[in-house]
Amino acid sequence: RKRWLRMLCLSGHASKSEITEMQTMHLQLAELHGVKLDFIDGPFNIDTAYEAAIQEYLDGPFCTWADPQLSRQMSRQHFGEAIQHVLDAAYERGPFDGLYGFSMGALVA
């Protein structure tokens with residue numbers, strides 16, 4: 001019996017897990033490669049999506065990996081908090097075989 005691979009997926013800036021799920025859906029990772037995906041958002045909430053049109057389909061809040069007051073710039077402290085957020089999720093939901101990040105989530109990954 002083949003074991004499924006598990007990947008933790010990090011959403012991008014001013015995004016949320018539902019968007020990242022849509023972005024990865026076309027990769028067909030489960031169907032073609034036996035990879036199960038688990039999604040997490042950044043630790044900071046933000047009211048506006050990265051693209052205004054998204055808000056016609058999904059309600060906020062949206063999430064980001066840096067303090068929204070710093071305009072997408074990450075201090076060492078906030079970068080450390082973002083990494084700890086991922087480590088906590090991996091500990092609580094893991095184990096995982098891989099890590100995927102979209103946009104600012106890729107920076108953290």
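Close-up 1. S103 is placed in the loop between β5 and α4, where helices (H or I, at least four residues) and strands (E, at least two) are DSSP runs numbered from the N terminus. Its phi is near 60°, a positive value in a residue other than glycine. S103 is partly exposed, with a relative accessible area of 43%; buried means under 20% relative accessible area, exposed over 50%, and partly exposed in between (1.4 Å probe, protein chains only). A14, in the loop between β1 and α1 (17–25), likewise is not a glycine and has a positive phi of about 55°. A14 is buried, with a relative accessible area of 3%. Most residues other than glycine have a negative phi, and most peptide bonds are trans.

The model is predicted: local features need pLDDT of at least 70 and side-chain atom pairs count only at pLDDT 80 or more, whereas totals for chains, interfaces and linings use all residues. Residues are numbered from 1 along each chain as its sequence is written, and side-chain values use heavy atoms, with hydrogens and water left out.

Close-up 2. The peptide bond from G60 to P61 is cis, with omega near 5°. P61 lies in the loop that runs between β3 (44–46) and β4 (62–64). A cis peptide bond also links G94 to P95, with omega near 10°. P95 belongs to the loop between α3 and β5 (98–101).

Close-up 3. Three strands form an open sheet in the order β2-β1-β5, with parallel pairing; two strands pair if DSSP finds at least two bridges between them. β2 (35–40) and β5 are the edge strands, each pairing on one side only. Neighbouring strands are turned by 30° against each other on average, direction ignored. Axes are lines fitted to C-alpha atoms, for helices over the stretch in contact, and angles run from 0 to 180 degrees between N-to-C directions. Six bridges join β1 and β2 in the parallel sense, and L5 has V35 in β2 as its bridge partner. α1 packs on the sheet and touches β1, β2 and β5, its direction making about 150° with that of β2; contact means heavy atoms within 4.5 Å. α3 also packs on the sheet, touching β1, β2 and β5, and its direction makes about 130° with that of β2.

Close-up 4. Eleven residues make up the largest nonpolar core, among them L8, I40, W65, F96 and V108. Such a core is a set of buried Ala, Val, Leu, Ile, Met, Phe, Trp, Tyr and Cys residues joined through side-chain atoms within 4.5 Å. Two or more residues come from each of β1 (5–10), α3 (76–93) and α4 (104–108), and α3 gives the most, with three. Leaving aside neighbours within four places in sequence, F96 is in contact with R6, M7, L8, D38, A89 and A90. A second, separate core of seven residues includes I19, I46, A49 and I54.

**Close-up 5. The cysteines C9 and C63.** The disulfide count comes to zero, a disulfide being a pair of cysteine sulfur atoms within 2.5 Å. The sulfur of C9 is too far for a bond, because the closest cysteine sulfur, in C63, is 15 Å away. C9 is buried at 1% relative accessibility, and C63 is buried with a relative accessible area of 8%.
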